[in-house]
Amino acid sequence: MTAETSQTLDRGLRVLKLLADTDHGLTVTELSNKLGVNRTVVYRLLATLEQHALVRRDLGGRARVGLGVLRLGRQVHPLVREAALPALRALAEDIGATAHLTLVDGTEALAVAVVEPTWTDYHVAYRAGFRHPLDRGAAGRAILAARQPEQADAPGYTLTHGELEAGASGAAAPLIGVTGVEGSVGVVMLADSVPERVGPRVVDAAREVADALR
């Protein structure tokens, strides 16, 4: 710790990160061991975080991330959307299809940014705020594929047809290497199949968005 930083704030943020990395919560003793501080310090940290709804404790005393974190997270979407728009615009114009940025929201895929091409006679209507299960559609499937490191020899993108809308095909690639953000960049088009060049182009766009978010 340097003179310009707050040790208490640092510990509080470390508590949130530890809790975010577990599905079953952590006890005071477990947090104390992981942080290397005594239990009294942990109690004070948890009490302060609870006051702001950033942490909750269940009946068994295990601490978990609170709903207040979700309210903070909602404010991240506009920042992510703004950073992604240049790459999405270029992708939509290049491919002539609706481009989108999709993020994980619980067990669903949430479209947070959508850009439609300006020069095509028709395109798929797709709106920001659209949700669908992660295991349906190219955007969600690309995210799930990125969670499987054993698929390192895969092409880096996912193609689907007719899973979310009859007659529509999709291509998407996951965002890689962006801390705290799990999502994908993709396109959706009215076609029986996705042209060969679209997959690699979507991978490039996902890389551009990831670079903008780092």
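This is a predicted model: local features need pLDDT of at least 70, side-chain atom pairs count only at pLDDT 80 or more; totals for chains, interfaces and linings use all residues.

Colleague: What distance separates the end C-alpha atoms of helix H3 (residues 39–51)?

Modeller: Helix H3 has 13 residues, and at 1.5 Å a residue these should span 18 Å. The model agrees with this expectation, as the end C-alpha atoms are apart by 18 Å.

Colleague: How wide an arc around the axis of H3 do its buried residues cover?

Modeller: The buried residues of H3 include Val-42, Leu-45, Leu-46 and Leu-49. They lie on the same side of H3, because the arc they cover around the axis is only 95°.

Colleague: Which exposed residues does the face of H3 turned away from its buried side carry?

Modeller: On the buried side, the cover includes helix H1 (7–20), helix H2 (28–35), strand S1 (55–57) and strand S2 (63–65). The face turned away from that side carries the exposed residues Arg-44 and Gln-51.

Colleague: Is strand S3 (residues 98–105) largely enclosed or largely open, and how many of its eight residues are buried?

Modeller: Strand S3 is largely enclosed by the rest of the structure.

Colleague: Which residue in the hairpin of S3 and S4 takes a positive phi?

Modeller: S3 and strand S4 (residues 108–115) run antiparallel and are joined by seven bridges, with Leu-101 opposite Ala-113 in S4. The hairpin has two residues between the strands. The residue with a positive phi, near 70°, is Gly-106.

Colleague: Which residue in strand S8 stands opposite Leu-103?

Modeller: S3 also pairs with S8 (residues 183–190), in the antiparallel sense and over six bridges. Opposite Leu-103 stands Gly-183.

Key: Residues are numbered from 1 along each chain as its sequence is written. Side-chain values use heavy atoms; hydrogens and water are left out. Helices (H or I, at least four residues) and strands (E, at least two) are DSSP runs, numbered from the N terminus. The expected span of a helix is 1.5 Å times one less than its number of residues. Buried means under 20% relative accessible area, exposed over 50%, partly exposed in between (1.4 Å probe, protein chains only). The arc is that of the directions from the helix axis to the C-beta atoms. Contact means heavy atoms within 4.5 Å. Two strands pair if DSSP finds at least two bridges between them.
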